[in-house]
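Here is a short tour of one model, with a look at a helix and at some backbone angles. Take a moment with the sequence and the structure before reading on.

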Amino acid sequence: MTLKERLEQELYQALREHDAHRKTAIRLVLAAISNEEIANQCELDDDGIMQVIAREIRQHRESLAEFEKAGRDDLIAEEKSQLEILLAYLPQQMSREEIVTAARQVIAEVNAQTPKDMGQVMRFLMPRLKGRADGKAVNQVVAELLSSI
């Protein structure tokens, strides 16, 4: 079963159970997937769908931060529930220690010495961590490791 089929099945289940938050979150993701497929003029595979979900998660996190600044508690709760629903579709996220280990490995492989080598490290590290780690967290870890060398 593809990820898109799983999303569609879970949408039908949410409709049957009258789960408004789950229904809304899945519909938004399916709409984003559909828009991406139309823009690319091809059907997305599971990796492409995971990228769309990751982008939606990033947008929800940004919205959550803005709602917290504005003190909109009603919207914060809704945004958090949708974010939790979407996180279930991504692989288990790596811990900070796992990111540090992977970053140290790549730093040693590319023989990075200064913070100027960050682009080279990120170029090799991000494909390895694809979908399993947030880019901001990886960027922060690499910056810290390179500045301490």
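## Ground rules

Helices here are DSSP runs of H or I with at least four residues, numbered from the N terminus. Please keep in mind that this is a predicted model.

## Helix H1

Let's begin with H1, which covers residues 3-17.

Which residues of H1 are buried? They are Leu3, Lys4, Leu7, Glu10, Leu11 and Ala14. Looking down the axis of H1, these buried residues fall within an arc of 125 degrees, so they line one face of the helix. The elements that cover them include H2 and H3.

## Positive phi angles

Most residues other than glycine have a negative phi. Against that background, a few residues here deserve a look.

Gln41 is another non-glycine residue with a positive phi, near 55 degrees. Where does Gln41 lie? Its place is the loop between helix H2 (20-40) and helix H3 (46-70). With a relative accessible area of 73%, Gln41 is exposed.

Asn111, also not a glycine, has a positive phi of about 55 degrees. This residue sits in the loop that runs between helix H5 (96-110) and helix H6 (118-129). Is Asn111 buried or exposed? Asn111 is exposed, because its relative accessible area is 52% and exposed means over 50%.

Definitions and conventions
Residues numbered from 1 in each chain as written. Predicted model: local features only at pLDDT ≥ 70, side-chain atom pairs only at ≥ 80, totals over all residues. Heavy atoms only, no water. Helix = DSSP H or I, 4+ residues; strand = E, 2+ residues; numbered from the N terminus. Buried < 20%, exposed > 50% of the residue type's maximum accessible area, 1.4 Å probe, protein only. Expected span 1.5 Å × (residues − 1). Arc of directions from axis to C-beta. Contact = heavy atoms within 4.5 Å.
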